[in-house]
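Please find below a short note for a reader who is new to protein structure. The points may be read with the structure in view.

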Amino acid sequence: MSEWSNEPAWSEGLLWRKLVYWPAGLLRSNGTEGSNKFIIKVFYSYILKSFKDNRYYYGSTINLSNRLIKHNKGDVKSTKNRRPLELHFFEVHNTRSEAFKREMFYKSIEGYHYLKQNGII
């Protein structure tokens with residue numbers, strides 16, 4: 001197997017994302033001539049589960065591991081009193097807009113039924 005994969009890899013509870021393929025529109029050169037380094041931007045919609053009240057929190061972010069750390073440190077007002085939280089589910093998106101739309105879908109009644117029917121929550 002190559003160094004890159006589409007599967008998430010977990011290390012000490014933090015998510016490290018490795019990717020095999022991205023459409024050309026997602027690759028951005030770092031601007032230096034002759035450089036083969038690229039910046040890959042991905043966005044996440046995610047669901048956290050509270051150990052305290054067994055309820056879920058829905059969100060979206062560009063950096064999933066840092067966002068989870070912020071939630072568990074108490075830096076996020078809406079989850080401060082529901083700590084500790086675990087990452088229950090996430091999806092990867094190409095744009096911030098797609099991730100936010102998916103977050104809003106999770107929060108809708110249709111999204112709730114979708115998550116229940118697919119055994120996600």
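**Note on the sheet and its cores**

1. Three strands form an open, antiparallel sheet, ordered S6-S5-S7. Strands are DSSP runs (E, at least two residues), as helices are (H or I, at least four), numbered from the N terminus; two strands pair if DSSP finds at least two bridges between them. The edges are S6 (56–61) and S7 (85–93), each of which pairs on one side only.

2. This is a predicted model, in which local features need pLDDT of at least 70 and side-chain atom pairs count only at pLDDT 80 or more, whereas totals for chains, interfaces and linings use all residues. Residues are numbered from 1 along each chain as its sequence is written, and side-chain values use heavy atoms, without hydrogens and water.

3. Strand S5 (residues 43–50) runs antiparallel to S6, and six bridges join the two. Within this pair, isoleucine 47 is placed opposite tyrosine 58 of S6. Helix H2 (residues 96–107) packs on the sheet and touches S5, S6 and S7, where contact means heavy atoms within 4.5 Å.

4. The largest nonpolar core has ten residues, including Tyr46, Leu64, Leu87 and Phe90. Such a core is a set of buried Ala, Val, Leu, Ile, Met, Phe, Trp, Tyr and Cys residues joined through side-chain atoms within 4.5 Å; buried means under 20% relative accessible area (1.4 Å probe, protein chains only). S5, helix H1 (64–73) and S7 each give two or more residues to this core. Another core, of six residues, lies apart from it and includes Ile47, Tyr58, Tyr106 and Ile121.

Definitions and conventions. Axes fitted to C-alpha atoms, helices over the stretch in contact; angles between N-to-C directions. Buried < 20%, exposed > 50% of the residue type's maximum accessible area, 1.4 Å probe, protein only.
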